[in-house]
Amino acid sequence: MIYKALPYFLFTVIIFSCAEKEDPLPNIVLIMGDDIGYSDIGAYGGEIQTPNIDRLAEGGLRFTTFYNMAKCNPTRSTMLTGLYTGGEGAVHIANLTKAAGYHNIMSGKEHFDAWVPEYCKAENVFDHSFYFWATTEYFLPPSGEFERPFYLEGKEIKAEEIEHELNPMYKTDFITDYALKWLDEAFKKKDPFFLYLPYHAAHYPLQARPEDIEKYRGKYLKGWDVLRKERFENMQKMGVLPKGAKLSPPENNLNRSRGPLLPDYTDYYAWDSLSVEKKDSLDLEMAVFAAIIDRMDQNIGRVLKKLEENGKLENTIIMYLNDNGSCPFYTNKIKDVAPGTADSYWSLRTNWAMLGNTPFRQHKQSGLEGGSHTPFIVHWPKKIAPNTITNQVGHVVDIAPTFLDLLNIQYPDSILGHQTLTLHGSSLLPVFMGEKRKEPDYFVSGMDKFRMFRSGDYKIVRMNGGAWELYNMTKDPSELVNLADTMPDKVQELAMHYQSTPAGMSNKLP
């Protein structure tokens, strides 16, 4: 069933008079990267050229500890509804902006958990939407087993029908093309706008424009061991690490649920042990990954330029984050084709993903920090002090309550005849304003078998459905010392606390 974009009268909401406020409501831009590690962007220590994201960071606020849900679909589900889990009665943040009089635009990836109601899909909450569920190609049109549908304003369209400015077609570019087209329309209105821009970069397959790849070719020949240390030192100098963070030692990918489990992709090996030919191949692999992120940043630059040229940047709050840590799972469906081109289907391996997740352990899906830790940048001229860094902890579940504060409205009582579900997070606006917020009682992340639960200083996490591990996150944010054996009562306390939460009660595992 397809619903039309929900008008404000479908749920009860209180909007406070703008006359009580000195400033008009801000425009909102929410940008998400896909399968990008904590240290991959320049503003968090990486060597990949991201001048536009860096500009946002230098002109705004960076979090040193911010959590996603460690995988594409749960992160989007939680971020856009403010719920760890839910069902009918969930409210999409675009419902909130629409109720406050915003013009809503989405262009990019949509991927939800099964519990998210049909009425939360893009065509039902955005005035304009171009999206795909989990298409994996960058160069289009795809064919055969790799072909996936695209949707424009809720209607399926063929790849060759997608509007685009550059040839050959490249996903990151035409996602932005649609956003810029609809921004032009939004600028003609008096209403504020909300732009949701969830890019697919840098999800596999490793496909990038040749000119972007060339910028990085040879830069990774020094290898992951050296680069990881260099990134860690940069992060220390920048101050973007949690206090007490140490560089975790290299380790294999411990996730045993996603195969095939090929040692060349799952196991750590020293860079210096490799042949010249192997190093060159691996340099290309990482160069393509860097090129994908570079192209995303170029497109973010296009958005910033559009806002600036139209006098909108100053009253626009822009947020950037990633849906999970770097992804090391083998998915090379097309053999014997090097990464980069339209006919390749290459994926990143563990050792490069470990570089991306510096200084933390493990990867996408895992509740360990490498899987669940994301950069979070907030840029809001004249509101947020430039080049500031906070050690306060945040989570994607907090974004919906933050929207309520930004919009100066109250959460609706009902939606489409359903009583609304209570939000699970709390507003980040005090942190944006340089104040101390009361930290939420708990944070949840990681897939079921890789769940983490953090409350206060301590965090429990498990791998492959195994026993809970315990870490003191204020003393050991890199999770190097498992305290489970020495503090069993604390493990039990946190496990029981987790089971009492909505996420714990809905969990499939005991």
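The residues lining the largest cavity divide into 6 nonpolar, 1 polar and 1 charged; here Ala, Val, Leu, Ile, Met, Phe, Trp, Tyr, Cys and Pro count as nonpolar, Asp, Glu, Lys and Arg as charged, and the others, Gly among them, as polar. To display this lining, select D35, A202, H203, Y204, L206, F289, C327 and L348. A cavity is a set of points on a 1 Å grid over the protein atoms alone where a 1.4 Å probe fits but cannot get out, and lining residues have an atom within 4 Å of a point.

The model is predicted: local features need pLDDT of at least 70 and side-chain atom pairs count only at pLDDT 80 or more, while totals for chains, interfaces and linings use all residues. Residues are numbered from 1 along each chain as its sequence is written, and side-chain values use heavy atoms, with hydrogens and water left out.

Next, select helix α9 (residues 276-309) together with helix α1 (residues 51-58); their axes come within 7 Å and cross at roughly 55°. Therefore α1 is oblique to α9. Helices (H or I, at least four residues) and strands (E, at least two) are DSSP runs, numbered from the N terminus. Axes are lines fitted to C-alpha atoms, for helices over the stretch in contact, and angles run from 0 to 180 degrees between N-to-C directions. Angles under 35 degrees count as roughly parallel, over 145 as roughly antiparallel, 65 to 115 as roughly perpendicular and the rest as oblique. On the α1 side, show P51, N52, I53, R55 and L56, which meet M296, D297, Q298, I300, G301, L304 and E308 of α9. Contact means heavy atoms within 4.5 Å. This set comprises 6 nonpolar, 3 polar and 3 charged residues.

From α5, the contact draws on T172, D173, T176, D177, L180, L183, D184 and F187; from α9, on R295, M296, N299, R302, V303, K306 and L307. By class, the contact of α5 with α9 has 6 nonpolar, 3 polar and 6 charged residues.

Move to helix α2 (residues 72-81), which is mostly covered, with 10 of its 10 residues buried. Buried means under 20% relative accessible area, exposed over 50%, and partly exposed in between (1.4 Å probe, protein chains only). Just after α2, G82 takes a positive phi of about 75°.

G46 is found in the loop between β1 (27-33) and α1, and is buried at a relative accessible area of 13%. Beyond its neighbours within four places in sequence, G46 is in contact with S39, D40, I41 and R231. A distance drawn between the C-alpha atoms of G46 and M235 reads 8.3 Å, across 189 residues of chain.

T65, in strand β2 (residues 61-67), is buried at 6% relative accessibility. Residues up to four places away in sequence aside, T65 touches P242, H373, Q392, V393, G394 and R454.

Finally, select D489 in helix α14 (residues 488-499). D489 is exposed, with a relative accessible area of 64%, and its C-alpha atom is separated by 42 Å from that of L96.

Conventions: On a 1 Å grid over the protein atoms alone, a cavity is a set of points where a 1.4 Å probe fits but cannot get out, and a pocket is an open set with protein on both sides within 12 Å along at least five of seven lines; lining residues have an atom within 4 Å of a point.
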